[in-house]
Amino acid sequence: MSGDGRCEGLLVVRCQLGERAAFQELVQIWHAPLWRYVRGMVGSPHLADDLAQDAWVAVVRGLTRLRQPERFAPWLFTIARRTVADHLRQAYQASVTSVQEADAVVDDPLSGVLTTMQVEAGLNGLPPLEREVLILFHLEDLSLATCAEVLGVPPGTVKSRLHRARHMLRSVLAERGYGHE
């Protein structure tokens, strides 16, 4: 994850000026974190591919309007969040039931050590708000302030959601036979 906001800001400015190589570099840096976030929210790698692509299209369309280039990461995740929310809203309106892909959990708990797959499978058992805050904070390594900006809530709310989400994840994993409750 890019931690240098000034270099990232310069890269965004280069993109805003139309430099294709800069946009490729920006995508190279941020596509994987964006995809992991979307994948964590929707559960399906194929759907994550489509939604991540939709988010990148929105980025291309709106990049020239980004007034604070050094704030690209929160802006990108806000776009991804809206893309996911739009998809979920459409899915609920169409009364489409979501399919749990977490059934393919590994049978061998490896002495209580949780794999990333197991944690991701546990995330699928959480409600969207709790899943989202865990993905942004723990998997995407965003700060509390950045999470708050992306989610549009105060940092204290992020902390309380994190606390609740960790407790819920612990319960989900315990129900599935991983770790200790």
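Contact is taken here to mean heavy atoms within 4.5 Å. On that basis, among contacts in the protein between residues at least 6 apart in sequence, 63% join residues at least 24 apart. The structure is a predicted model, in which the protein has eight helices and zero strands, so that, by DSSP runs, the elements read α-α-α-α-α-α-α-α from the N terminus on. Of the 181 residues in the protein, 39% are buried.

Helix H2 spans residues 20–42 and helix H3 spans residues 45–62, and their axes come within 9 Å and cross at roughly 135°. The crossing in which H2 passes H3 is right-handed. On the H2 side, the contact is made by Phe 23, Leu 26, Val 27, Trp 30, His 31, Leu 34, Trp 35, Val 38, Arg 39 and Val 42, while H3 contributes Pro 45, Leu 47, Ala 48, Asp 49, Leu 51, Ala 52, Ala 55, Trp 56, Val 59 and Val 60. By class, the residues of this contact of H2 with H3 divide into 17 nonpolar, one polar and two charged.

A further helix pair is formed by H6 and H7, whose axes come within 10 Å and cross at roughly 140°. H6 and H7 are therefore oblique to each other, and H6 passes H7 in a right-handed crossing. In this contact, Glu 132, Val 133, Leu 136 and Phe 137 of H6 meet Leu 144, Cys 147, Val 150 and Leu 151 of H7. Sorted by class, the contact of H6 with H7 has seven nonpolar, no polar and one charged residues. The buried residues of H6 are Glu 130, Arg 131, Glu 132, Val 133, Leu 134, Ile 135 and Leu 136.

Within H7, attention may be given to Cys 147, which lies in that helix and is buried, with a relative accessible area of 0%. When residues up to four places away in sequence are not counted, Cys 147 touches Leu 136, Phe 137, Leu 142 and Val 158. Cys 147 and Glu 132 are 15 residues apart in sequence, and their C-alpha atoms are 9.6 Å apart in space. The other cysteine considered here, Cys 7, is partly exposed, with a relative accessible area of 47%. A disulfide is a covalent bond between the sulfur atoms of two cysteines, and the structure holds zero disulfides.

The connection between the two helices of the H6 and H7 pair was also examined. Helix H6 covers residues 128–139 and helix H7 covers residues 144–151, and Asp 141 is placed in the loop between them. Most residues other than glycine have a negative phi. Asp 141, by contrast, has a phi near 60°, a positive value in a residue other than glycine, and this positive phi occurs just after H6.

Conventions
Residues are numbered from 1 along each chain as its sequence is written. This is a predicted model: local features need pLDDT of at least 70, side-chain atom pairs count only at pLDDT 80 or more; totals for chains, interfaces and linings use all residues. Side-chain values use heavy atoms; hydrogens and water are left out. Helices (H or I, at least four residues) and strands (E, at least two) are DSSP runs, numbered from the N terminus. Buried means under 20% relative accessible area, exposed over 50%, partly exposed in between (1.4 Å probe, protein chains only). A disulfide is a pair of cysteine sulfur atoms within 2.5 Å. Axes are lines fitted to C-alpha atoms, for helices over the stretch in contact, and angles run from 0 to 180 degrees between N-to-C directions. Angles under 35 degrees count as roughly parallel, over 145 as roughly antiparallel, 65 to 115 as roughly perpendicular and the rest as oblique. A crossing is left-handed if the near helix is turned anticlockwise from the far one by less than a right angle, and right-handed if clockwise. Ala, Val, Leu, Ile, Met, Phe, Trp, Tyr, Cys and Pro count as nonpolar, Asp, Glu, Lys and Arg as charged, and the others, Gly among them, as polar.
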